[in-house]
Amino acid sequence: GPVDEFELSMNKAAEAAVDKAKPIFMDAVKEMTFEDAKKILDGSDTAATEYLKEKTSGKIAEAFRPIISSSMNEVGVTRSYQTLVDKFNTIPFMKADSMDLEPYVTEKAMDGVFHMVGEEEKKIRTNPQARVTDILQEVFK
């Protein structure tokens, strides 16, 4: 019960921030050099994702933090976490140290975004039906 509630509240906080990644990704694509594009085309199944992660992680973390903080307060992440810690601490000989959840949730939200982008990139590279735009069809001929 409490663990599921805590996980759900963290997921809601992370989901609230995801929309902020799109314009940051678009800026990174606009700033891409010919050499960057060549490395992506010749690279691994997640080369574009790796490029985006390298170029955008700092900006995405900055954009996510205030939204995640606000959402965590709204959905009660901190309260849920404290409830879990308090219950854990009632177990004899057990002591849980409190931690700052905001950086953790921000990192996990970013991990989730880059994981999903990587999965979509793999589909585009390996499945012709996933290449739904003319430009993707041309690039991956």
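Student: Where do I start? Which elements does the protein hold, helices or strands?

Tutor: Start with the count. This predicted model has seven helices and zero strands. Read from the N terminus, the order is α-α-α-α-α-α-α.

Student: How many residues are there, and what share counts as buried?

Tutor: The protein has 141 residues, and 30% of them count as buried. Its accessible surface is about 9500 Å². Carbon and sulfur atoms account for 56% of that surface.

Student: What do the contacts say about separation in sequence?

Tutor: Take contacts between residues at least 6 apart in sequence. Of these, 75% join residues at least 24 apart.

Student: Which residues of α6 are buried?

Tutor: Buried means under 20% relative accessible area. Among the buried residues of α6 are Leu101, Val105, Met110, Val113 and Ile124.

Student: Why does Arg125 count as buried?

Tutor: The cut-off decides. Arg125 has a relative accessible area of 15%, so this residue falls under the 20% limit.

Student: What does the side chain of Arg125 contact?

Tutor: Look at one partner at a time. The side chain of Glu121 makes a polar contact with that of Arg125, at 2.9 Å. The Arg125 side chain also reaches the backbone oxygen of Ser44, at 3.4 Å.

Student: Next, aromatic rings. How many aromatic pairs does the structure hold?

Tutor: One aromatic pair is present. The rings belong to Phe25 and Phe114.

Student: What describes a pair of aromatic rings?

Tutor: Two values do: the distance of the centres and the angle of the planes. Here the centres of Phe25 and Phe114 are 5.8 Å apart. Their planes stand at 55 degrees, so the pair is tilted. Planes over 60 degrees apart would count as edge-to-face.

Student: Which parts does the pair tie together?

Tutor: Phe25 sits in helix α2, residues 21–30, and Phe114 in helix α6. The pair therefore ties together parts 89 residues apart in sequence.

Key
Residues numbered from 1 in each chain as written. Predicted model: local features only at pLDDT ≥ 70, side-chain atom pairs only at ≥ 80, totals over all residues. Heavy atoms only, no water. Buried < 20%, exposed > 50% of the residue type's maximum accessible area, 1.4 Å probe, protein only. Polar contact = N/O pair within 3.5 Å; in protein donor to acceptor, adjacent residues only side chain to side chain. Phe/Tyr/Trp six-rings, centres within 6.5 Å; stacked < 30°, edge-to-face > 60°. Helix = DSSP H or I, 4+ residues; strand = E, 2+ residues; numbered from the N terminus. Contact = heavy atoms within 4.5 Å. Areas by Shrake-Rupley, 256 points an atom, 1.4 Å probe, with all protein chains shown as cover.
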